[in-house]
Amino acid sequence: MSPRSASVNEELRRRSRERLLQAAVELVSEHGYEATTLGDIADRAGSARGLVSYYFPGKRQLVQSAVHRLMHRTLEEALEREPRAEDGPERMARAIDAILGLAQDRPVLMRQHMAGLLQAEGFVPCPEQRRLAELLRDTMARNGSFDVDADYPMLRALLMGAVYAALVPGAPMPVPVLRAELFKRYRLAWELGVPPDTRTAAPGGSCDTDLSRFFATGAAPECDS
């Protein structure tokens, strides 16, 4: 059997990283951040413990990257679902509903994520976070922003604040109330996006336990013999 090509090795590394991201999201959703170890994540991903350190500096960076992946792929799916919409207000409504939907469907994961952002390291720069930012900036631009550099950070802050408010232990605010405030700020009609009373019937509207579509973890490529 001939040695694997550089492209095959690169694909194998990419899939290993994807499996770690998916395992991190699943385990933190099931058990919380503190109860999830890097060993648990490696075992769920079917990877050697050393591979985790190869791809990520630590658990916080891995989990934050994994949640940002879930967020940007959820947002991407919402923006591109059929019937596709180029209309700015519709895309803004879909973006708001996608992020609020994660808070509603995955409270343990998103609560841990918000807590992690308040740690000393804050946002961990990674490709997943950058892709999320790109999607939100594009949404802001399509909705008619004349200064995306100023308006995008405000949108991000408002979404983060709404997620936090929805997840405060003992005093959560109802997601429809938070949605109404955000829709009012951006002058969006209530029927745009996925209104709460129709959400479970819409694609991605219910809490789907199968996350494989967000992570490219298919069969490894075969090498030449």
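Reply: Let us begin with a term: a contact means heavy atoms within 4.5 Å. This is a predicted model, where local features need pLDDT of at least 70, side-chain atom pairs count only at pLDDT 80 or more, and totals for chains, interfaces and linings use all residues. Residues are numbered from 1 along each chain as its sequence is written, and side-chain values use heavy atoms, leaving out hydrogens and water.

Me: What share of the contacts with a separation of 6 or more joins residues 24 or more positions apart?

Reply: Take the contacts in the protein with a separation of 6 or more. Among these, the share from residues 24 or more positions apart is 71%.

Me: How many helices and how many strands does the protein have?

Reply: Helices (H or I, at least four residues) and strands (E, at least two) are DSSP runs, numbered from the N terminus. From that end, the elements run α-α-α-α-α-α-α-α-α. The count is 9 helices and 0 strands.

Me: Are α6 and α8 roughly parallel or oblique to each other?

Reply: The axes of α6 (residues 107-117) and α8 (residues 148-167) come within 10 Å and cross at roughly 120°. Axes are lines fitted to C-alpha atoms, for helices over the stretch in contact, with angles from 0 to 180 degrees between N-to-C directions. Angles under 35 degrees count as roughly parallel, over 145 as roughly antiparallel, 65 to 115 as roughly perpendicular and the rest as oblique. The two helices are therefore oblique.
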